[in-house]
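This report covers aromatic pairs and nonpolar cores. The model comes first, then the packing.

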Amino acid sequence: MKMLSTKHLLGIKELSKEDIELIHETALSFKDVINRPIKKVATLRDITIANIFFENSTRTRLSFELAEKRLSADVVNFSSSSSSVKKGETLLDTINNILAMKVDMIVIRHASVGVPHFLANRINANIINAGDGTHEHPTQALLDTFTIRQKFGKVEGIKVAIVGDILHSRVALSNVFALKKLGAEVMVCGPKTLIPMHYKMLGVEICHDINFALSWCDVANVLRIQLERQESAFFPSLREYSQYFGINSKMIKNLEKKITILHPGPINRGVEINSDVADSDQALILEQVENGVAIRMAILYLLASQNKL
Ligand code: CP
């Protein structure tokens, strides 16, 4: 059996091309499983998983929980707002108390960059990063690249424009790492204030003209403006952002080719994308969500398989 090269899923940066391909291949089988009348397999019957979310989530949290339940794992959910973290307990003490209850794997989302890496160096359980601050969101990039692969039959050579708030986006960085490892051509597009200088060193094209980016790409992965992470204003108003970078159906229809639209969610309709694009047949947004369950089943299965060796 093929194995991942790592005990944890901390970020795409730590994965090899072969790891990503193995996760995609494994997700293909699990996509069949979740489309069967009986969607459950007994693969993780003896495994307990804690989903620890210090930040809000709809898709990632529910997707992990469903993936775990479809694999027959025991699941506990932890949310910081109703926990003893509010009474001053350290993160490490909280995690060690959860592990003392015989938990095998931790899925964690945290507002601080590097929390999954910090934990991986200090505890024994498998750690899966469900988003750490503005750093990485590896399962999102794995499901985005899986969706591209399903649409085009490959990722290599596909032109992907990542559009929007690159500065505050963990989805953007994980996508750049995954797409580059798989041989895609990558462009990032947004206002100058929302594209960090270091992206030049990642081997991606940088563009500030949304119409050029759309005419260049096969796939536009549209990101929302992360107002909750912005300490100061990076553009005059949301109305102006929408005017210069928002994507509407007229822009899409004027292109020479029919491009594919991705969005990791949550969507801010009328800001980065209009409903006539988000709900069009060119958008694979809900397919991304479906693929997210299969991808997370694949990761949980592959990490748990290593523990049985
Ligand atoms: N795409 C994504 O991470 O969505 P949630 O914040 O709802 O999990």
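## Nonpolar cores

A nonpolar core is a set of buried Ala, Val, Leu, Ile, Met, Phe, Trp, Tyr and Cys residues joined through side-chain atoms within 4.5 Å. Buried means under 20% relative accessible area, with exposed over 50% and partly exposed in between (1.4 Å probe, protein chains only). The largest such core has 62 residues. Ile23, Ile128, Leu142, Ile162, Tyr199 and Leu300 have the most contacts inside it. Helix α11 (residues 285-307) gives the most to this core, with 10 residues. Helices (H or I, at least four residues) and strands (E, at least two) are DSSP runs, numbered from the N terminus. Domain 1 (12-136 + 290-307) and domain 2 (138-288) each supply at least three residues to this core. Those domain bounds come from an automatic or database domain assignment.

Tyr199 touches Ile166, Ala172, Leu173, Val176, Val188, Val204 and Ile206, leaving aside residues up to four places away in sequence. Contact here means heavy atoms within 4.5 Å. Another core, of 29 residues, lies apart from the largest one. Its members include Ile225, Ile252, Ile261 and Ile273.

## Model and confidence

This is a predicted model: local features need pLDDT of at least 70, side-chain atom pairs count only at pLDDT 80 or more, and totals for chains, interfaces and linings use all residues. Residues are numbered from 1 along each chain as its sequence is written, and side-chain values use heavy atoms, without hydrogens and water.

The average pLDDT (the predictor's confidence in each residue, from 0 to 100) is 95 for the protein. At least 70 is reached by 98% of the residues.

## Aromatic pairs

The whole structure holds 3 aromatic pairs. Rings of Phe, Tyr and Trp (its six-membered ring) pair if their centres lie within 6.5 Å; planes under 30 degrees apart count as stacked, over 60 as edge-to-face and the rest as tilted. Phe54 and Phe78 have ring centres 5.6 Å apart and planes at 55°, so this pair is tilted. Phe54 lies in the loop between β1 (48-53) and α2 (59-70), and Phe78 in strand β2 (residues 74-79), so the pair ties together parts 24 residues apart in sequence. Phe54 is buried at 17% relative accessible area, and Phe78 is buried at 14%.

Tyr241 and Phe245 have ring centres 5.6 Å apart and planes at 20°, so they are stacked. Both are buried. They are 4 residues apart in helix α8 (residues 238-245), about one helical turn.
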